[in-house]
Each structure stands twice: as structure tokens, then as C-alpha cells.
Amino acid sequence: MFQTSPISQRVAHVEESATLAIDAKAKALKASGIDVIGFGAGEPDFPTPEFIVEAAVKAARDPKNHKYTPAIGLIELREAISAKTSRDSKLEVSPNQIIVTNGGKHAIFNTIMTLVDEGDEVLIPSPFWTTYPELVKLAGGIPIKIPTSYEMGYKVTPQIIETYFTNRTKMFIHVSPSNPTGVLYSREETRELGEFLLGKGIWVMTDEIYEHLTYDGHTSTSLLEVVPDLRENTVIVNGVAKTYAMTGWRIGWMISPKEVHRAASNLQSQMTSNISNVSQRAAQAALEADLSSVTAMRNAFDRRRKTMVSMLSEIHGFRTLVPEGAFYVFPEVSGVFGREIAGKTINSSMDLTEVILDQAKVAVVPGEAFGSPGHLRLSYALSDESLVEGLQRIQKLLGS
Ligand code: PMP
């Protein structure tokens, strides 16, 4: 028998992904015959566009894809990523700066593992995507959360970030559009942020996974497009999951300066070797095409976003900022606290999540999971009918 826990200290401190856990709970209830509507998962409900699937089928039949390929990714895919980065971010990057990873999540893992040392502080605006602080902890670093609020539009400014700097600050994490808030930094805000970070001489990881999901005529701005001088200090992470409804194919990438690229390539060569060739060929087909399939999906998301915002705004005690990107709405719900619902006094967004699941059979994610208690996250990446039905159930339970 072990005298102490067999689990390493490093891994023992990593928390389960709350969003995946809630999604799994909702799916399990559904499988047991209960009619649950899930607003939990961050994944498009559309199938992957047919031409992408076809490219994968063709690739599966080609024996050259049955073998090991370079750990950093197929050159054809890295060329497609380079061309796409030029098209979308007006940024010229060499395929030799790109590593193809097992989804955007793995690109974030590689980046943090490569740059963060024991005791290094990483600045993370809050609410944040749950994975960032957990991976910082795994690397031995210290996540420094910068709180924002409804009143601040859930955005940080240079003045606010400045107050969190210490001599251990190593990295700042930027994501726009954001998960969980759907907040988008304007071009001017992005420029101000980039210029400020340039002056600080720290590392920046910028997560561009939702770049194409923007609404109301807004577009996303890549940090390096407006502050190109930051390129020697910046790692871009991105992937095909959200843009092309390809969450299950697991293709992402990181774009980094030479030295970081070399170190992260070594890490990847020991950890995963190449990512599945069939998925890489599918991603290549996606990136080489125009964005017409994305436009169709974005229009559907936009319609659902408007319905969701308007129905959430009708609920007593909810304050809902209109998100400009991604596919999440993040209502502030503390107005409900203190109320008794179905015999239970609601004192936190966690309580509210439980009562909504138990009574209305609707799964939402509590703000606690994103470092912002007092909120709920609802994804609108589900069918129009389920979305309306789910929101009606919540309205009925909470009163509108
Ligand atoms: N970044 C953000 C902000 C995300 O929300 C996600 C997915 N939830 C990812 C990265 C990673 O996506 P994937 O690993 O599926 O490519």
C-alpha cells in the first residue's frame, strides 16, 4: 500500500473542467431518459461541413497518411495556416513558426509549459476560460486573476492591469472574443493593450479561437495586426474547432518566435509526436476554402444570440450584457440571491445552477467555474427550438 497519495502534487492541484463536467452530467441525464436541455457545452451543434469530411475520407484512404509525420505538423497544413493568418490577421508568419497541436487547448498547454517557470505570475483577466489558470498551476506558475464586472463591460484596461504587475510577472493572457463573456475588444482597445504590453516586456499569449464569430458588424482584431512590434514576445493560439464546427477533430496551432518554437517543438516531439494526419488533412481543406460555410453558421448563431439576450433580459434579477462575439451569454444573476425557489434559498450562482437543473431540467454553467461568482454562462450553440424551450423553462422557474 502507498503511505501517501500516489497522485503527484503537480496533477493533484488541477481541477476538473467544470464545463465538461456539467455537459457530461446533462448528457448522462439525457441518456437515462430525462429531457434535459444543455446550455453547457462550448461547441457548435452543426455537423462539420461536407467538403471537410470528404477531404478526411480521401486522406484516410491514402497510405502516406498512415505513417508518422513531422511532430510539428504537415507542411501543407502549416502553409495553409500561414496563408490564413495573412488573410485574417494581416500578419506574415513562416510555416516554420507554426506547430500543429491537438486542439487549441494543447497549443495553450505547450505555450504555458514552454514559457512559465515555478513561481512565475501569469495575469489572467477574470472571468476567464477555466483551462488557463489550471495549466498555469500545472506549470508551477501562479495565476493572477484580474477581476472585471458587468459595469466594466468585463474588460481590462492598461491602467487596471498595471496595478497587478510585480517583478515575477511573466505573461499576460488575452482572448477576444472571450469565453465566457462573448466580449470583444475594439481595434482601438486592442492597440492600447498591445502598446502597453510592449512597454512591459513580458510574454503575451493571445487566443484567437473565436476570431470569426463576431456580430452586429463588429470584427475581431489580432493583437499583432495593430502592434506588430509585439511579435517577438507573443504566442498566438488558434484552431479550427469553433470556426468550422470541428471540435472533435482536435486540430489547433501555435505561432511563436523562433526560440519558443524550437523549445515547444522539442516538447511536442516527446509528448505527442504528430497529431492525427487525417484530422490535419481535414483542417487543411477547411483553411484552404473561403469562409462561406462559416458565414452560414455565424448567421444562425447571431439569430440565437438575439433571442437568448432578449429572453434572459426578461428574467427578474438578471442583468445581461449583449455579447459581440463567440457563442456565450453571461448574465449577472445576483439579483436573484436571497430568493426562495422550489423550497431552496438561492445564495450563489452555484445554488442557482443546481435548482435550474433539478427543477427545470436545464444545464447552465455557474460563474464560479470562470472565477466570477454571481453569473451564469449559457452557450447558444444549440438548435433554435431547444434554445427557446430551455429559456422558457428558466423563465417559468424564476419568473419574468
Ligand atoms: N480557447 C478558448 C477560449 C476556448 O473556449 C476553447 C474551447 N472551449 C479553446 C481555446 C480550445 O478549443 P479546442 O481545444 O477545442 O481547439
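Predicted model: local features only at pLDDT ≥ 70, side-chain atom pairs only at ≥ 80, totals over all residues.
In β14, Leu-376 is the bridge partner of Pro-366.

## How the chain is divided

The chain falls into domain 1, which is made up of the two stretches 9-47 and 293-398, and domain 2, which covers 67-288. When the centres are taken over C-alpha atoms, domain 1 and domain 2 are separated by 26 Å. To the contact between them, domain 1 contributes 38 residues and domain 2 contributes 33 residues.

The size of an interface is often given as the accessible area lost when the parts come together. For domain 1 and domain 2 the buried area is about 3100 Å², and 57% of it lies on carbon and sulfur atoms. On the side of domain 1, the residues that lose the most area to domain 2 are Leu-321, Glu-324 and Phe-370, which together account for 20% of what that side buries.

Which polar links run between the two domains? Across the interface of domain 1 and domain 2 there are 19 residue pairs in polar contact, with both residues at pLDDT 80 or more. The elements that give two or more residues to the side of domain 1 that touches domain 2 are α1 (9-12) and α12 (292-313). Of these, α12 gives the most, with eight residues. Sorted by class, that side of domain 1 holds 18 nonpolar, nine polar and 11 charged residues.

## Salt bridges

Side chains of opposite charge can pair when their charged atoms come close. The count of salt bridges in the model comes to 24, and the count between domain 1 and domain 2 is three.

| Side chain | Partner side chain | Distance, N to O |
|---|---|---|
| Arg-305 | Asp-216 | 2.8 Å |
| Glu-211 | Lys-84 | 2.8 Å |

Why does the pair of Glu-211 and Lys-84 tie together parts that are apart in sequence? Glu-211 lies in the loop between β6 (203-207) and α9 (223-226), while Lys-84 lies in helix α4 (residues 75-89), so the pair joins parts that are 127 residues apart in sequence.

## Backbone details in two loops

The loop between β5 (169-175) and α8 (187-200) holds Pro-177, and Pro-180 is also found in the loop between β5 and α8. The peptide bond that joins Ser-176 and Pro-177 is cis, with omega about -5°. The bond from Asn-179 to Pro-180 is cis as well, and its omega is near 20°.

Phi of Tyr-154 is near 55°, which is a positive value in a residue other than glycine.

Methods: Residues numbered from 1 in each chain as written. Heavy atoms only, no water. Domains from an automatic or database assignment. Contact = heavy atoms within 4.5 Å. Buried area = accessible area lost by both parts, 1.4 Å probe. Salt bridge = Lys/Arg side-chain N within 4 Å of Asp/Glu carboxyl O. Polar contact = N/O pair within 3.5 Å; in protein donor to acceptor, adjacent residues only side chain to side chain. Helix = DSSP H or I, 4+ residues; strand = E, 2+ residues; numbered from the N terminus. Nonpolar A, V, L, I, M, F, W, Y, C, P; charged D, E, K, R; others polar. Pairing = 2+ DSSP bridges.
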